[in-house]
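Please study the sequence and the model below before reading on.

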Amino acid sequence: MAVVETEELTYTYSIGTPFEKTAVDHVTLSLRDGGITGVMGHTGSGKSTLIQHFNGLIRPTSGRVLLDGKDIWEDKKNIRDVRFRVGLVFQYPEYQLFEETVYDDIAFGPKNMGLDESEIKRRIMDTANDIGLPEELMKRSPFELSGGQKRRVAIAGVMAMEPELLILDEPTAGLDPAGRDMILEHIKNYHRRTKNTILIVSHSMEDIAGFADSILVMNKGRLFCYDDTVNVFARLEELTRIGLDVPQITKVFDSLKHHGIDFGKQVYTVEYAKKLILQRLAEKEGL
Amino acid sequence: MLRDITIGQYFPGESIIHRLDPRFKIVLTILFIVMVFTGDKFICLSVGAVFTVLVILLSGIKIKMFLKTLKSLLPLMLLTVLLNLFFIKSGDVLWQWKFLKITSEGVDISIFMIVRISLLLMGTSVLTYTTSPITLTDAVERLLSPLKKLRFPVHELAMMMSIALRFIPTLIEETDKIISAQKARGAEIDSGSFMARAKNLISILVPLFVSSFRRADELATAMECRCYNGGAGRTRLRQLRSAPRDYIALAVTLIFLAAAIVLNIM
């Protein structure tokens, strides 16, 4: 498994011009292994810049990025291997499609890894299965597909590399609610099959709440907090102050608490809320 | 990487150079080019150099930005030097090896060319550094408007220019993104063998073309939605007006130009 850490990671854009800006400011963290982590932060909080450091697309201005304890920039020649171990899916990844067929496009990454033909085929089939791409689409041109299908092909292109850490930058941006749930479900499929670590950037608290087991919050280039989902959403007031929202259901339960109805638990998914309420009702019936 | 391109970049500011009428700035730039190319003696070039330094100081833009522009065209300058150094055969021979020969005149001319190209680049950069692309195309449209009588499509040309300029940063950003995305999939773009790089170029060019067409399409629709149908009858939000300072700038430039010409004849 890949252990990714950063030490005093700092990145400044356009040094020496009037547009100079420090996007990531002395961030030290160690990513949790094996789970699903949500990355949250206001627009311009530095989350996109931060995640591009994890696979060596951006070289830090100062500080280090460590993979299994080794500085990834120690030997520049190995940076490609870092990218095979840490996969990154950009925002709107469908704009990166270029091959003649869906199959070839998904195969681009695995081929660059130098895998043999049968292994590539195995990976593509497994990924296609995870992400819900039927066999008959494989020979079609990716440009003929619908928006949602294109998105899935593009995500599959990185998943098929089976990176130990998969990072997705807003994979649900611009999709309708049904498409959003579907993509998240597909990512879960992949997680269940490979057990690889997943990092998912999202603006939607609802998405992250039901999905991630820990949350990393960035604010103005600094690491605001990195903790279990329950503990992060417990800091409702602080999150609101830095311009973030908590799931609506959490707010409902918070205001219930202020009205004297305390469930004694942090609630951030509707399912859990339902369970708690039913439990409470059952207790009452029992009395 | 691509972010470092500074040619054609605009740095907002309030300096005297920023506030000059863009039409005058274009004319002054042309005069400046004439000034730099008019003589073949170092003394005339020094007039251009003084002028360049003066304008750069007045513009209030960091010298560093100009040096960055020079850096981006270093290969071109090196080529010029090499050609001049080895192909000019007149003058005293300073160094010789088989058929290669460096002469004193070759050295002189190489230095002269380097200075000339540098001045040209820095001086003309002032125009784009201190004028927003939109104002610049406005000015071009106005300057060329006499050609309308000859049925020359001035407005269309200016519109095409402003669209092109407007999309340079967008396309750079987009290219940057696509390169990053393909790199994340293990494409070798700034490393690896020449063949591998050439092959990987396809993975960048195809998405770039696709998105350019998409953007063009969207822009055309947006323009049509706002009832754009050419230049006839269109009025402007920003009217270009010349002020006394524009004529002063013109006079100063003309004096420098005259000085360069006179020094060359003398």
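Helix α11(A) is hardly covered: among its 17 residues, the count of buried residues is zero. A residue is buried if 20 or more other C-beta atoms lie within 10 Å of its own, exposed if 12 or fewer, and partly exposed in between, the C-beta atoms being placed from the backbone. The helix comprises residues 270-286 of chain A and reaches 24 Å from its first C-alpha to its last, close to the 24 Å expected at 1.5 Å a residue. The expected span is 1.5 Å times one less than the number of residues. Helices (H or I, at least four residues) and strands (E, at least two) are DSSP runs, numbered from the N terminus.

This is a predicted model, in which local features need pLDDT of at least 70 and side-chain atom pairs count only at pLDDT 80 or more, whereas totals for chains, interfaces and linings use all residues. Residues are numbered from 1 along each chain as its sequence is written, and chains are lettered from A and ligands numbered from 1 in the order in which they are written.

The interior comes next. A nonpolar core is a set of buried Ala, Val, Leu, Ile, Met, Phe, Trp, Tyr and Cys residues joined through C-beta atoms within 7 Å. The largest such core has 79 residues, of which Leu88(A), Ala156(A), Ile167(A) and Ile200(A) touch the most other members. Helix α5 (residues 147-159) of chain A gives the largest share of this core, six residues. The core lies between domain 1 (4-246) and domain 2 (247-287) of chain A, because both give residues to it; the domain bounds come from an automatic or database domain assignment. Apart from this core lies another, of 23 residues, including Phe32(B) and Leu257(B).

Chain B has ten helices and two strands. From the N terminus on, its elements run α-α-α-α-α-β-β-α-α-α-α-α. Of its 266 residues, 23% are buried. Two residues are in contact if their C-beta atoms, placed from the backbone, lie within 7 Å. Among the contacts in chain B with a separation of 6 or more, 73% join residues 24 or more positions apart.

Where do the two chains meet? In all, 18 residues of chain B are in contact with 23 residues of chain A. On the side of chain B that touches chain A, α8 (154-184) and α9 (194-225) of chain B each supply at least two residues. The largest share, seven residues, comes from α8(B).
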